[in-house]
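Please take a moment with the sequence and the model shown here. The briefing that follows starts with how terms are used and then goes topic by topic.

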Amino acid sequence: MAQRRLAVLSSHLLQTDPVLPSATHRRAGPVEPLDLASTSSCCAGGGDAGRDEEKGCVFCRIIRDESPAFKLYEDDVCICILDSNPLILGHSLIIPKSHFPSLEATPPPVVAAMCSKIPFLSSCIMKATQCDSFNLLVNNGSAAGQTHLHIIPRKAGDELWRSESCRRHPIESNQEIDHLVNSIRHLVSSSSSQQ
């Protein structure tokens, strides 16, 4: 059933007519990724260090069709794939086709293009997984796994996040919080005046 949903999702997300997997791919067991390889090249920000980083980047290898992935959507700027280690069925990633080590290094038009796909892709993913909600997470920087967006379908009571069952404590004004607020406000003000 999951393979059928993936095929249906893929058929709705692709702008061109996809080649659906053969009947052997619909049986139980491991499923081969759909052959929806990107024809674009992933380019690093420049310099030899950037090229070395690009060579080791799993996303760059997927975009260059050197690593397998279940591609759900592709355009000139980004791709959407199923997460290879999903938190829940349908957990997907929106990835820029060019290599950017952080959100700050990603050009605003690329961020805008990725974000503009969220309503469309999340709707398709929620329908295919029979969910009515989703979490949107942003990974930013090498420690967080480069720059990409996660769409994680959710159902009531799925208890995906431990924090949902934890009791939260209201924030209180104290020296630490006041310092944090003032520091962020100062940085926002300084950054806004430079833009």
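Helices (H or I, at least four residues) and strands (E, at least two) are DSSP runs, numbered from the N terminus. This is a predicted model, in which local features need pLDDT of at least 70 and side-chain atom pairs count only at pLDDT 80 or more, while totals for chains, interfaces and linings use all residues. Residues are numbered from 1 along each chain as its sequence is written, and side-chain values use heavy atoms, with hydrogens and water left out.

**Overall make-up**

- The protein has six helices and five strands, and from the N terminus on these elements follow the order α-α-α-β-β-β-α-α-β-β-α.
- Of the 195 residues in the protein, 34% are buried, where buried means under 20% relative accessible area, exposed means over 50%, and partly exposed lies in between (1.4 Å probe, protein chains only).
- Contact means heavy atoms within 4.5 Å, and among the contacts between residues at least 6 apart in sequence, 53% join residues at least 24 apart.
- The protein exposes about 12400 Å², of which carbon and sulfur atoms supply 55%; accessible areas come from the Shrake-Rupley method with a 1.4 Å probe, and for residues only the protein chains shown count as cover.

- Strand 3, residues 92-96, is mostly covered, with five of its five residues buried.
- In a regular strand the side chains alternate between the two faces of the sheet.
- In strand 3 both faces are covered, with S92, I94 and P96 buried on one side and L93 and I95 buried on the other.
- Two strands pair if DSSP finds at least two bridges between them; strand 2 (residues 78-82) runs antiparallel to strand 3 and is joined to it by five bridges, and C78 has P96 as its bridge partner in strand 3.
- Strand 5 (residues 148-154) also pairs with strand 3 in the antiparallel sense, over three bridges, and here L93 has H150 as its bridge partner.

- H91 is found in the loop between strand 2 and strand 3, and it counts as buried because its relative accessibility is 3%.
- The side chain of H91 makes a polar contact with the side chain of H150 at 2.7 Å; a polar contact is a pair of N or O atoms within 3.5 Å, where within protein one must be able to donate a hydrogen and the other to accept it, and residues adjacent in sequence count only if both atoms are side-chain atoms.
- Leaving aside neighbours within four places in sequence, the residues in contact with H91 include I81, L82, H150 and I152.

**The loop between helix 3 and strand 1**

- S67 lies in the loop between helix 3 (58-63) and strand 1 (71-74), and S67 is buried because its relative accessible area is 17%.
- Apart from its neighbours within four places in sequence, S67 is in contact with R61 and I62.
- D65 also lies in the loop between helix 3 and strand 1, and D65 counts as partly exposed because its relative accessible area is 44%.

**Positive phi values**

- Most residues other than glycine have a negative phi, and most peptide bonds are trans.
- D65, a residue other than glycine, has a positive phi near 60°.
- Q130, also a residue other than glycine, has a positive phi near 55°; Q130 is placed in the loop between helix 5 (118-129) and strand 4 (133-139), and Q130 is exposed, with a relative accessible area of 56%.
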